[in-house]
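Trainee: Hi! Could you walk me through this one while I look at it?
Mentor: Happy to. Let's bring it up and start with a single residue.

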Amino acid sequence: MTTFHPEHITERFGLFTMIVLGEAVPAATTAVQTAADARDGLDPDLLVLAASGLLLVLSLWWLYFDRTTQRMLRSMRTTIIWGYGHYLVFASTAAIGAGLAVAVDALTGHAHLTHPQQGLAVGIPLAAWIATVRWLRVGPPLRGPVVVASPVSAVLVLAAAWTSAAVPLMAVITAALAAVTTWAVRRTG
């Protein structure tokens with residue numbers, strides 16, 4: 001039997017998640033900078049999109065790193081499921097960064113997409129990220145209305161994709177999820 005150290009495993013996956021989240025920031029930043037250069041400066045819509053993208057990425061960081069999973073990884077089986085589940089976390093995180101770049105391109109006219117297409121470019125991977133992180137974070141047990149916070153947020157994110165202000169709405173929904181989840185964890189922890 002191979003011994004494993006939950007602290008080491010969660011640290012490594014956390015570091016890689018941080019790298020992928022960090023890559024979403026330069027992708028969106030480069031898109032905003034390119035758009036700002038093409039427009040001879042920032043306009044209010046571009047500033048709102050940039051601020052929303054930053055709030056979204058920070059909220060994802062907050063949700064992922066708020067709770068420790070070390071006490072959850074008690075067996076090799078659980079650890080392997082948790083580890084392979086991170087493929088979805090990494091892929092959806094990278095897709096969120098790409099979706100933010102698509103939203104910037106659409107705002108500047110470099111991509112000819114409808115509002116729902118722009119919103120779904122961010123919304124589908126964001127909903128997948130929320131669902132996956134909730135699935136991987138099965139402990140500590142939460143009670144009360146907060147149990148449905150992640151599924152409801154995932155549905156709200158997908159609904160927000162159909163609006164003309166998709167990314168700002170998704171950022172607010174994700175920040176609210178982070179705040180509610182943190183409050184519930186601190187209350188029960």
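Trainee: Is Thr132 buried or exposed?
Mentor: Thr132 is buried: its relative accessible area is 7%, and buried means under 20%. Keep in mind that this is a predicted model.

Trainee: Okay, and where does Thr132 lie?
Mentor: Thr132 belongs to helix α4.

Trainee: Which residues is Thr132 in contact with, leaving aside neighbours within four places in sequence?
Mentor: Thr132 then has contacts with Gly85, Leu88 and Val89.

Trainee: What does His115 touch, not counting residues up to four places away in sequence?
Mentor: His115 touches Ala161, Thr163 and Ser164 on that count.

Trainee: How many residues apart along the chain are Arg137 and Tyr64?
Mentor: They are 73 residues apart along the chain, and their C-alpha atoms are separated by 8.9 Å.

Trainee: On to α5, then. How many residues does that helix have?
Mentor: Helix α5 has 12 residues, 149-160. From the first C-alpha to the last, α5 reaches 16 Å, close to the 16 Å expected at 1.5 Å a residue.

Trainee: Which residues of α5 are buried?
Mentor: The buried ones are Ala149, Ser150, Ser153, Ala154, Val157 and Ala160. Those residues lie on the same side of α5, because they cover an arc of only 130° around the axis.

Trainee: Changing topic: which residues form the nonpolar patch on the surface?
Mentor: Leu15, Met18, Trp61 and Trp62 form that patch, and together they have about 380 Å² of accessible area. Two elements, α1 (6-38) and α2 (44-65), each give two or more residues to the nonpolar patch.

Trainee: Where is the place of Leu15 in all this?
Mentor: Leu15 is in helix α1. Leu15 is partly exposed, having a relative accessible area of 38%.

Trainee: What does α1 reach from its first C-alpha to its last?
Mentor: With 33 residues, α1 reaches 48 Å, close to the 48 Å expected at 1.5 Å a residue. Just after α1 you'll find Asp40, which takes a positive phi of about 60°.

Trainee: And α3, how far apart are its end C-alpha atoms?
Mentor: They are 49 Å apart. Helix α3 covers residues 76-108, and its 33 residues should span 48 Å at 1.5 Å a residue, so the two values agree.

Trainee: Which residue just after α3 takes a positive phi?
Mentor: That's Gly109, with a positive phi of about 90°.

Note on methods:
Residues are numbered from 1 along each chain as its sequence is written. This is a predicted model: local features need pLDDT of at least 70, side-chain atom pairs count only at pLDDT 80 or more; totals for chains, interfaces and linings use all residues. Side-chain values use heavy atoms; hydrogens and water are left out. Helices (H or I, at least four residues) and strands (E, at least two) are DSSP runs, numbered from the N terminus. The expected span of a helix is 1.5 Å times one less than its number of residues. Buried means under 20% relative accessible area, exposed over 50%, partly exposed in between (1.4 Å probe, protein chains only). The arc is that of the directions from the helix axis to the C-beta atoms. Patches are made of residues with over 30% relative accessible area and no salt bridge: like charges are joined within 9 Å, nonpolar side chains (Val, Leu, Ile, Met, Phe, Trp, Tyr) within 5 Å. Accessible areas come from the Shrake-Rupley method with a 1.4 Å probe; for residues, only the protein chains shown count as cover. A salt bridge is a side-chain nitrogen of Lys or Arg within 4 Å of a carboxyl oxygen of Asp or Glu. Contact means heavy atoms within 4.5 Å.
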